[in-house]
Amino acid sequence: MALQGPIPVSFAMVFPHGCYLVGEVEAVKDFDASANGRFVQARDKQSGELVWQIAVMDADPQVKPAQKTVAVKIIAPVQPVPPAPVAGLPFTPVEFNGVTVTPYVNGNGRLAYSIRVREMRPPRTGSAKSGHAGGKEAAA
């Protein structure tokens with residue numbers, strides 16, 4: 001099969017209505033390498049770069065409440081800086097570039113997607129429905 005590993009997708013495919021930051025950027029722990037109270041940050045298997053994570057809220061009104069908040073993994077050599085908050089909004093809108101999805105079967109036996117991104121940035125003006133490129137982990 002020609003399709004192996006992460007599958008490139010657009011932000012609009014994952015977040016057609018956009019998404020908002022609801023957490024802080026955190027280092028992802030490498031559970032195999034971390035031991036005896038020593039934290040080792042995970043690295044991306046393809047690039048070797050560090051893996052970071054941030055929680056986002058999907059703005060799609062069709063998404064079930066339990067699936068609204070999802071984790072986005074960011075592959076970057078240094079900790080990504082979130083966009084500045086927008087005056088008058090309770091959450092910060094965000095877009096992602098370099099989006100890939102990796103399907104897997106979660107602990108409940110359901111299809112889920114791990115979505116990784118290469119860049120986090122403020123949304124482009126007028127792109128809420130067409131220019132998104134983001135990631136989430138969600139059960140189908």
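This is a predicted model: local features need pLDDT of at least 70, side-chain atom pairs count only at pLDDT 80 or more; totals for chains, interfaces and linings use all residues.
Entry 1: I began with the largest pocket, which has a volume of about 430 Å³. For my own use I noted what a pocket is: on a 1 Å grid over the protein atoms alone, it is an open set of points where a 1.4 Å probe fits, with protein on both sides within 12 Å along at least five of seven lines. Lining residues have an atom within 4 Å of a point. The grid points are joined across faces, edges and corners, and the volume is the space filled by probe spheres set on them.

I then looked up who lines the largest pocket: there are 16 residues, and R43, D44, K45, V51 and R116 are the closest to its centre. Strands β4 (51–58) and β8 (111–117) each supply at least two residues of this lining. (Strands are DSSP runs of E, at least two residues, numbered from the N terminus.) By type, I wrote down four nonpolar, four polar and eight charged residues for the lining. Here Asp, Glu, Lys and Arg count as charged; Ala, Val, Leu, Ile, Met, Phe, Trp, Tyr, Cys and Pro as nonpolar; and the others, Gly among them, as polar.

Entry 2: Residues are numbered from 1 along each chain as its sequence is written, and side-chain values use heavy atoms, with hydrogens and water left out.

The pLDDT (the predictor's confidence in each residue, from 0 to 100) has a mean of 88 for the protein chain, and 89% of the residues reach 70 or more. Confidence is highest in strand β3 (residues 26–27), at a mean of 98, and lowest in strand β10 (residues 138–139), at 44. Over residues 127–140 the pLDDT is below 50, yet this stretch has 70 contacts in the model beyond near neighbours in sequence. A contact means heavy atoms within 4.5 Å.

**Entry 3: salt bridges.** Side chains of opposite charge can pair when their charged atoms come close. I counted a salt bridge when a side-chain nitrogen of Lys or Arg is within 4 Å of a carboxyl oxygen of Asp or Glu, and the count comes to three.

R116 pairs with D44, their closest N and O atoms being 3.1 Å apart. R116 sits in strand β8 and D44 in the loop between β3 and β4, so the pair ties together parts 72 residues apart in sequence. I checked accessibility too (buried is under 20% relative accessible area, exposed over 50%, partly exposed in between, with a 1.4 Å probe and protein chains only). D44 is buried at 10%, whereas R116 is partly exposed at 24%.

E49 pairs with R118, with the closest N and O atoms 2.4 Å apart. E49 is in the loop between β3 and β4 and R118 in the loop between β8 and β9 (119–121), 69 residues apart. R118 is partly exposed, at 41%.

R121 pairs with E95 at 2.5 Å between the closest N and O atoms. Since R121 is in strand β9 and E95 in strand β6 (residues 92–97), the pair ties together parts 26 residues apart in sequence. Is E95 buried or exposed? E95 is buried, at 0%, and R121 is buried at 12%.

**Entry 4: T92.** T92 also lies in strand β6 and is buried, at 12%. Among the residues T92 touches are C19, Y20 and L21, not counting residues up to four places away in sequence.

Technical notes. Helices (H or I, at least four residues) and strands (E, at least two) are DSSP runs, numbered from the N terminus.
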